[in-house]
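The sequence and the model are shown first.

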Amino acid sequence: MSNEESIIEVALKAGEDLIMKNVFKIPINVRFRDIDGMGHVNNAVFFTYFAEGRLALFQEFSMDSDFSTFSFILAHISCDYLRPITLNTQLSVEIWVKEIGIKSFGLGYNLVDLSDESITYAKGESVQVCYDYGENKPVAVSAALKQKLIEYQ
């Protein structure tokens with residue numbers, strides 16, 4: 001294990017498929033307001049970066065900015081923090097589909113250096129449940145959404 005590779009990174013790599021076929025990527029701007037008193041991005045902001053990537057992915061799916069077309073609820077999200085992000089970090093979020101269930105789907109996230117994707121700052125995952133807001137109940141993943149999700153699986 002090199003000095004730059006953390007124990008968490010080694011553990012995560014051991015349990016994941018390192019070959020990802022289709023990954024959605026967008027650059028993320030680190031803002032001054034993201035920085036905490038310790039001089040790095042506050043831990044809660046990492047989830048905002050995941051959300052920005054998720055929003056961009058679903059805007060690509062729908063080609064629409066109407067949030068009513070995003071008929072799912074975020075049921076779970078987690079983040080493993082691997083190294084600090086500073087104001088000068090050039091950042092990118094990578095997103096892929098980990099699994100597609102009957103009523104839910106899972107996404108994976110990497111926050112990586114924009115110029116060197118081998119530098120990973122954080123890894124995360126989330127579970128989204130498809131939801132009918134009119135009926136207030138979970139619904140099956142639609143065939144159309146499933147087809148789009150498969151592109152990034």
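## Packing of helix α2

The buried residues of α2 pack against β1, β2 (72-81), β3, β4, β5 and α3 (143-150). The model from which this is drawn is a predicted one. Those buried positions of α2 are Val45, Phe46, Tyr49, Phe50, Gly53, Arg54, Ala56, Leu57, Phe58 and Phe61.

Helix α2 spans residues 45-62 and holds 18 residues. From its first C-alpha to its last, α2 reaches 26 Å, close to the 26 Å expected at 1.5 Å a residue.

## Overall organisation

Three helices and six strands make up the secondary structure of the chain. Their order along the sequence is α-β-α-β-β-β-β-β-α. Of the 153 residues in the chain, 34% are buried.

Contacts between residues at least 6 apart in sequence were also classified by separation, and 64% of them join residues at least 24 apart. The chain exposes about 8,900 Å², of which carbon and sulfur atoms supply 54%.

Gly124 is located in strand β5. With a relative accessibility of 12%, Gly124 counts as buried, because the cut-off for a buried residue is under 20% relative accessible area.

Leaving aside residues up to four places away in sequence, Gly124 touches Phe50, Ser78, Cys79, Leu107, Gly108 and Tyr109. For Cys79, the C-alpha to C-alpha distance to Gly124 is 4.2 Å, although the two residues are 45 apart in sequence.

The structure contains five salt bridges. One of them joins Glu117 and Lys25, whose closest N and O atoms are 3.2 Å apart. Glu117 lies in the loop between β4 (104-113) and β5 (120-132), whereas Lys25 belongs to strand β1 (residues 24-28), so the pair ties together parts that are 92 residues apart in sequence. Both partners are partly exposed: Glu117 has a relative accessible area of 42%, and Lys25 has one of 40%.

A salt bridge also forms between the side chains of Glu125 and Lys98, with an N to O distance of 2.8 Å. This pair links distant parts of the chain, with Glu125 in strand β5 and Lys98 in strand β3 (residues 91-100), 27 residues apart. Glu125 counts as partly exposed at 34% relative accessibility, as does Lys98 at 43%.

## A network of charged residues

Arg31, Arg33, Asp34 and Glu52 are linked in a network of salt bridges. Within this group, the side chains of Asp34 and Arg33 meet at 3.9 Å, N to O.

Arg33, by contrast, is exposed, with a relative accessible area of 61%.

Methods
Residues numbered from 1 in each chain as written. Predicted model: local features only at pLDDT ≥ 70, side-chain atom pairs only at ≥ 80, totals over all residues. Heavy atoms only, no water. Salt bridge = Lys/Arg side-chain N within 4 Å of Asp/Glu carboxyl O. Helix = DSSP H or I, 4+ residues; strand = E, 2+ residues; numbered from the N terminus. Buried < 20%, exposed > 50% of the residue type's maximum accessible area, 1.4 Å probe, protein only. Contact = heavy atoms within 4.5 Å. Expected span 1.5 Å × (residues − 1). Areas by Shrake-Rupley, 256 points an atom, 1.4 Å probe, with all protein chains shown as cover.
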